[in-house]
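Reader: I would be grateful for a close look at one part of this model, namely the packing of its helices. Please treat the matter in one connected account.

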Amino acid sequence: MLIGEVARRSGVSARMLRHYESLGLVHPSGRTGSGYREFSEEDIRRIFHIESLRALGLSLREAGRALDDSGFTPSALVGDLIRRTRTRIAAETELLTRLRRIHAAEPTDWRDALHVVTLLQALGSQSAGARQRAALTSASSAGGVPVPVEALVEAALAESDPYAAGALRWALARSGDGAPALLAEGIGSPVAAVRERAVRSLAEMPGDEAAGHLREALTHPDAVLRGQAGLALGARGEAEAVPALVDMVVEGRNDTEAADALSLLAGDNPAADGIATLLLDRLAHDTTEPPARGRLTQALAGIPGTAASRALVELSHDADRAVALTATYLLQLRDTQR
């Protein structure tokens, strides 16, 4: 069978078949009297095998070694191909993400496009200082085309350096629409640090949408996350934060900040009485440990109104001497401040 017929039957061009021969992948069975190459059915089968291996991602030389090596193990090769393919897909996915972000920035010329590329590269830099500068530049009105909010959110959720993280939160607070919803996805992350970064970023974002996501975080199984959301909502004057803040006082997690937030929320008397009642209810629980009872008593110091005063009077006779002394001292302070 001459090379033209082989090319027709195999779908491999005559030029490529000659290349196969030059690499030693196929060897014509003989030649005609006129010197033309002749191929056998076995040669055709080998060509099909080579093409099949190429379709899996092997190079021509790798295909040849696989066919000629009697000790060849397909599983090992396929495993290596899987690893290589995953690496290639990851690289292509990263490139696609970068291209989409450049497209989302809507650059008007190549200068704008290169500006976005530079900022995206800086956000992924090994240098925390470079990441911080990129975040600050992206939020500056003089910075040119802004970095897409998706890139800022991704960087904020991954950032461990406190200064770069602060700059990213500052940039996100000025990024406009889209950021709160993307940050809220971070609350569902299986990684605790990512969840906490998401809530901290939402805490610094203005608007009802960010507040809504923080309210949703109040029911999260992660107690630390609930506390962060409670502190953020407390600073916004959201009464829904009260139970989470009281839990923080009981558990001793940022209890001073939680007590301050409760004091802020107790600015009007109806709220103050409700908070004082809740603190007293938690004090009444037999399961509350002595240190927690002490913290709950101290939290009443910042709560105005008659309910808090009555609670302190009651606690001044508490069986726990430390609680009784604390309540007595707080009552004396209230008397001097009138």
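In particular, is the crossing in which helix 11 passes helix 12 left-handed or right-handed?

Author: The model is a predicted one, and its confidence may be stated before the geometry. The mean pLDDT of the protein is 87, and 95% of the residues score at least 70. Confidence is highest in helix 11 (residues 192-203), at a mean of 96, and lowest in strand 1 (residues 30-31), at 70.

As to the crossing, helix 11 passes helix 12 in a left-handed manner. The axes of helix 11 and helix 12 (residues 208-217) lie 9 Å apart, at an angle of about 140 degrees. Because angles over 145 degrees count as roughly antiparallel, the two helices are classed as oblique to each other. On the side of helix 11, the contact is made by Val 199, Leu 202 and Ala 203; helix 12 contributes Ala 210, His 213, Leu 214 and Ala 217. Of these contact residues, six are nonpolar, one is polar and none is charged.

The pair formed by helix 3 and helix 4 may be set beside this one. The axes of helix 3 (residues 41-55) and helix 4 (residues 60-68) come within 9 Å and cross at roughly 125 degrees, which makes helix 3 oblique to helix 4. Here the crossing is right-handed. Helix 3 takes part through Arg 46, His 49, Ile 50, Leu 53 and Arg 54, and helix 4 through Leu 60, Ala 63, Gly 64, Ala 66, Leu 67 and Asp 68. The residues of this contact comprise six nonpolar, two polar and three charged.

Note on methods. Residues numbered from 1 in each chain as written. Predicted model: local features only at pLDDT ≥ 70, side-chain atom pairs only at ≥ 80, totals over all residues. Heavy atoms only, no water. Axes fitted to C-alpha atoms, helices over the stretch in contact; angles between N-to-C directions. Helix = DSSP H or I, 4+ residues; strand = E, 2+ residues; numbered from the N terminus. Parallel < 35°, antiparallel > 145°, perpendicular 65-115°, else oblique. Left-handed = near helix turned anticlockwise from the far one by under 90°. Contact = heavy atoms within 4.5 Å. Nonpolar A, V, L, I, M, F, W, Y, C, P; charged D, E, K, R; others polar. pLDDT = per-residue confidence, 0-100.
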